Amino acid sequence: MRAVVKKVPGRGCEYVLDQTEAELRPGEVRVEVAAASVCGSDAAFFESGFAGGDVEMTFPRTMGHEVGGVVVELGPHTAGIAVGTPVAVETHLHCGECFNCLAGDGHNCARLKLLGVTVDGAFAERFVVPARSCFILPDGIDPKVAALLESAGSAMHGVLRSGVNPAGASVLVTGAGPIGLVAAQIAYALGARSVVVVEPNAYRRAMAERVGAVAVGPESDPREVADGMTRVRGGFDLALECSGAKSALVGALETVRREATVVAVGLVKEQFPLDISKVLISHGVTLRGSWGRSIWDTWHRLAALVVAGKVDLEDLITHRLPLSGLPQALDLMRGEAGKVLLDPSLPDWDQPELHLAANA
């Protein structure tokens with residue numbers, strides 16, 4: 001069973017449950033889904049087929065790119081992985097042969113395909129993916145929780161892309177969605193002195209406080225609640241923009257100190273003018289973009305933090321729904337929710353009923 005999304009002229013998208021399974025080709029595996037996590041970009045794709053940047057969905061499409069599961073079948077001539085192996089899956093399906101792949105930048109593959117966006121994804125009981133895109137889970141990470149590794153990896157990659165050693169640093173995180181919440185945890189795990197999170201949603205501010213950050217709304221200047229050393233220095237040492245909101249990125253650039261670094265992790269849909277002479281030159285601020293995850297360096301570094309108990313992914317899960325609950329899952333992502341999982345082991349609804357996680 002898989003949830004196939006179709007574009008409906010004039011009214012966004014709709015979906016149907018379909019029984020069709022793809023055939024396995026050489027180098028591919030079939031993965032039985034333990035859980036697939038719903039991303040904010042999934043809601044955007046469902047509404048318009050577009051989520052920012054230069055990525056557009058092709059239809060009809062089985063969505064879903066954040067997934068954990070178990071390999072249940074190997075395609076012809078598939079090596080390096082065995083049936084029964086628990087895995088998470090990299091969204092950026094890389095060819096392994098182009099210049100970028102050979103240079104270690106597979107997430108920027110010249111022939112990049114995106115799981116659940118340009119090829120069929122994981123909102124299904126089982127799906128097919130290249131074996132080279134599977135991350136074998138270490139002991140200590142449950143396949144259901146592993147559905148969060150992909151989005152958490154975006155946070156990890158953003159921290160690493162900054163080039164800033166978080167030890168002793170004052171860190172600003174804008175957006176307390178799952179990526180921002182993981183970014184805050186990673187900053188603390190790597191020794192940050194303090195973390196302030198800016199988030200308009202009170203529910204998610206509470207989640208940020210639960211991971212130890214100071215949380216404020218966008219109407220507040222985060223420097224006012226930062227520690228004294230941050231104020232003396234004139235702003236934050238590092239800012240991680242994880243919301244994709246234009247105003248948040250502008251605010252991050254304004255609240256870091258001179259010679260600080262800002263990393264844009266969220267996909268900003270709007271264009272806006274940037275005073276390069278003031279911000280980047282005279283203030284010496286470094287602005288970097290972060291795309292996906294480094295394959296496989298980011299994954300191994302993040303998994304080590306999860307296994308060590310320094311990053312808690314399970315605490316971010318607030319709802320578990322069956323595949324037939326996809327519309328409700330997409331609605332939840334727009335409101336008061338952390339991570340919403342689609343769990344194919346849950347029975348389809350006769351009547352909609354939300355399955356709350358223990359930490360909801």
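Modeller: Two strands pair if DSSP finds at least two bridges between them. Keep that in mind as we look at this predicted model.

Biologist: Happy to! What makes E1 and E2 a pair?

Modeller: Six bridges join strand E1, residues 2-7, to E2. The cut-off is at least two bridges, so they count as a pair. The two strands run antiparallel, and one of the bridges links Lys6 to Glu14 in E2.

Biologist: Which strands make up the open sheet, and in what order?

Modeller: The order is E2-E1-E4, with antiparallel pairing.

Biologist: Why are E2 and E4 called edge strands?

Modeller: Strand E2 (13-18) and strand E4 (61-62) each pair on one side only.

Biologist: Nice. What do the buried residues of H1 pack against?

Modeller: They pack against E1, E2, strand E3 (28-38) and helix H10 (326-333). Helix H1 covers residues 40-48, and its buried residues include Phe45 and Phe46.

Biologist: Now the rings. Why is the pair of Trp296 and Trp299 called edge-to-face?

Modeller: Their centres are 5.5 Å apart, and the limit for a pair is within 6.5 Å.

Biologist: How do you know whether Trp296 and Trp299 are buried or partly exposed?

Modeller: Buried means under 20% relative accessible area. Trp299 has 3%, so Trp299 is buried.

Conventions
Residues numbered from 1 in each chain as written. Predicted model: local features only at pLDDT ≥ 70, side-chain atom pairs only at ≥ 80, totals over all residues. Heavy atoms only, no water. Helix = DSSP H or I, 4+ residues; strand = E, 2+ residues; numbered from the N terminus. Buried < 20%, exposed > 50% of the residue type's maximum accessible area, 1.4 Å probe, protein only. Contact = heavy atoms within 4.5 Å. Phe/Tyr/Trp six-rings, centres within 6.5 Å; stacked < 30°, edge-to-face > 60°.
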